[in-house]
Amino acid sequence: MDLVKRYPKSPVNAVDGVSFAVCPGEVFGLLGPNGAGKTTTVGVLTTRVVPTAGTATVAGVDVVRDPVRARSELAVIPQRSNLDRALSIRGNLIFHAAYHGVPARVRARRADELLDQFGLLERANVKPDMFSGGQSQRVMIARALMHAPTVLFLDEPSTGLDPAARLFLWDRLRELRDRGVTLVLTTHDMDEAAELADRVGIMDHGKLLALDTPEALMRSVPGGTTLELTTSAPDAATADRILAGLRTLAQVERVDRLGSEDGAVGSGAPAQDGAFRGGELRMRLYVSGDAPLLVAPAAAVLGQNGAGLSDVKLGIPTLEDVFIDLTGRALR
Amino acid sequence: MSAIALTDGATPSQARVFLAVLQRDAYVTWGEFPVFLAQVILQPFFLLFVFGKVLGSLGYTQNGYAGLLFPGLLALTAVITSMQTLAFPLVIEFGWTKEIEDRLLAPMSTGLVAAEKVLFASLRAVIATAIMIPIGIGVLGSIPWRWSGLPVFLAVVVLGSLLGASLGLVLGTLVKPNRINIVFSLVFTPLLFTGCSQYPWPSLARLRWFQIVTACNPMTYASEGLRGALIPAVPHIRPWICIVVLLASIGALLAVGTRGFYRRAVD
């Protein structure tokens, strides 16, 4: 906690006072651009980086004071293969278990189970030289599970995977979560974080900017969820009545009138001149709750004013929007 | 999947993890034993064959040179084998394949991972040196041997192997992968020819500057130590001096190498 890491010859802290706790059995995502400090943070937690200041525990073990015991609780899946090329796939699994003191009888049985589960049985006696990134990663996950770790760290797990391999990976990770293994993954992939993580920490410049469930983070973007309605009104007075009516609806935080799609004002931008001269009326509702549920009440407001609904667009924010909101820029 | 327990609980003892890592190295070496033999035996074999047998048969070297060369080549085998065993793979493992990470993340102190590397490289070197003895008998017909010199012989073979391993640890942790070729030719060749394996050190008195250069190469003390053990009639550096210098060199190199290892293993 309050983790700080400054590398020699660097003027700034790579990790600058980061604090968080991950619950047992949780899937925790650290999201941020390259150089944000995610990998360093995980490096500290996996005993490979000594923090300049602060403390960190994994499964209740202080990683700085007792790295040896911490290592028996955790496993790491790096981005690039670090498989032992002198050993077969099965050899990689068996010796990994031996390093972790798993009894010989258990090793062989567990290796067979994991090789089967990860679709590796027929290549079990092959050396990992010629394996693709996705295959190597499968082997590394199987290897990591050989010593039944409490916490599994994955660095950018779906980087470089084809869509099928990615889905396979996600399925396996969900199974692990269901078994109660705690997963900590770093990613700059918004979809992956939103898809897998129970909670997401957003990092940039060594700081943890936000930490919550993906849903809460997305809701936290001001006026995050939007509902765009298009109708038509004969005159400005009717338009004003419609806008006023919409503003009274529950969970509507703000209503803006937008320029007409074919008008001088750019699409989606709030109208500049303020004068409505009849015809198409486009509005954006900023909603705090569930936007789709507002479609019916909004249509009712239009109906009361003799207007019909001609188009509806839902705007759901993504973690990307959260990141832009927090840092003012897109992910690098 | 359900059959797999969630956690195994207890952390295994350090000795147990150490043995497992040692077992891995033994398993890999055993699987490629012919390659191992070729790698460690070819160089000393050809040196012995050309300098000991061919040049002697042609009359270019004096009688007795082969006997003088043999202990030096045993020292060379011990030092070079352990250095190569440790340094080359370590550079690749740290710099490129990252294979060592699985062992660095084993529940064992980082220093023990380095210690295992040194121990295993030394074991390989001792075995390689032992294999050179029957090869020497085969090539030369007979080799200098003195049972009373056995304790010194064994001590110097072990220390020479440890010396090479310590040197390998220093090189393996200092050298970047893209520099591996140049550094090894810059270190390896001078080490090979200034280590007194082909000539006894006291005889260099006529070539004073080279005698000083060779005195700076710790391998000299392995060569001289083995000469003292096997052919004490040839002037040599006294064994106790050899053993002291070897111990001191090993200590210094291990200190530097272990620090280098920690720097590469932990940020």
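Q: How many bridges join strand 12 of chain A to strand 13 of chain A?

A: Strands of a sheet pair through backbone hydrogen bonds, either parallel or antiparallel. Here, in a predicted model, six bridges join strand 12 of chain A to strand 13 (residues 279-287) of chain A, and the two run antiparallel. Strands pair if DSSP finds at least two bridges between them; strands (E, at least two residues) and helices (H or I, at least four) are DSSP runs, numbered from the N terminus. Residues count from 1 along each chain as its sequence is written, and chains are lettered from A, with ligands numbered from 1, in the order written. Local features need pLDDT of at least 70, side-chain atom pairs count only at pLDDT 80 or more, and totals for chains, interfaces and linings use all residues.

Q: Which strands stand at the edges of the sheet?

A: Four strands of chain A form an open antiparallel sheet, ordered 12-13-11-14. Strand 12 (252-258) and strand 14 (311-315) of chain A are at the edges with a single partner strand each, so one side of each has no neighbour in the sheet.

Q: At what angle do the axes of helix 3 and helix 5 of chain A cross?

A: Two packed helices are described by the angle between their axes and the distance between the axes. Axes are lines fitted to C-alpha atoms, for helices over the stretch in contact, with angles from 0 to 180 degrees between N-to-C directions. In chain A, the axes of helix 3 (residues 89-99) and helix 5 (residues 133-145) come within 8 Å and cross at roughly 25 degrees. That makes helix 3 of chain A roughly parallel (under 35 degrees) to helix 5 of chain A.

Notes:
Angles under 35 degrees count as roughly parallel, over 145 as roughly antiparallel, 65 to 115 as roughly perpendicular and the rest as oblique.
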